[in-house]
Amino acid sequence: MAGKSEEKSSNSRCPLCGGGLCEGAASLPFFLDRRIVVIKDVPAEVCADCGEPYMKSGVTGRVEALLDKLDELDSEMSIIHYKVA
Ligand SMILES: [Zn+2]
């Protein structure tokens, strides 16, 4: 089989531009029904070239829990930190 030649042991690459992804944190906006929630300092892999952040898979559960919590606040726009207790 003539496999792909581009296989590397390094991390994933940016689907947009192919740049390398670095460990980092990002402020991510979430657009819900009638509300906007910005979660700051979400652990993410950030593209070194275009700066696009990608949430890590392990983070999604916590983000959903945070969004769930905010549901009770009935606030149209919220800015919270990922690391709030
Ligand atoms: Zn990129």
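**Fold and strand pairing in the predicted model**

Of the contacts in the protein with a separation of 6 or more, 53% are between residues 24 or more positions apart; a contact here means that two C-beta atoms, placed from the backbone, lie within 7 Å. The structure is a predicted model, in which local features need pLDDT of at least 70 and side-chain atom pairs count only at pLDDT 80 or more, while totals for chains, interfaces and linings use all residues. Numbering starts from 1 along each chain as its sequence is written.

On the confidence side, pLDDT is the predictor's confidence in each residue, from 0 to 100. Its mean for the protein is 86, with 86% of the residues at 70 or more. Then there is the stretch of residues 5–9, where pLDDT stays under 50 and the model has 0 contacts beyond four places in sequence.

As for the layout, the protein has 1 helix and 4 strands, taken as DSSP runs numbered from the N terminus (helices: H or I, at least four residues; strands: E, at least two). Read from the N terminus, the order is β-β-β-α-β. Confidence is lowest in helix α1 (residues 60–70), with a mean of 91, and highest in β2, at 95. Buried residues come to 8% of the 85 in the protein. A residue is called buried if 20 or more other C-beta atoms lie within 10 Å of its own, exposed if 12 or fewer, and partly exposed in between, with C-beta atoms placed from the backbone.

With β1, β2 (residues 36–47) pairs in the antiparallel sense over 10 bridges, and the two form a hairpin with 4 residues between them. Within this pair, Phe30 stands opposite Val37 in β2. β2 is also joined to strand β3 (residues 53–55), by 3 bridges and again antiparallel, and here Val46 faces Pro53 in β3. The hairpin of β2 and β3 has 5 residues between the strands, and in this hairpin Gly51 takes a positive phi near 80 degrees.

Ala25 gives a closer look at the β1 side. This residue lies in strand β1 (residues 21–31). Setting aside neighbours within four places in sequence, Ala25 is in contact with Asp41, Val42, Pro43 and Ala44. The C-alpha atoms of Ala25 and Lys40 are separated by 8.0 Å, although the two residues are 15 residues apart along the chain. Ala25 counts as partly exposed because 14 other C-beta atoms lie within 10 Å.

Though not a glycine, Asp41 has a positive phi of about 60 degrees. Asp41 sits in strand β2, and 15 C-beta neighbours inside 10 Å make this residue partly exposed.

Asp74 is another case: its phi is near 55 degrees, again a positive value in a residue other than glycine. Asp74 belongs to the loop between α1 and β4. With 8 other C-beta atoms within 10 Å, Asp74 is exposed.

Notes: Pairing = 2+ DSSP bridges.
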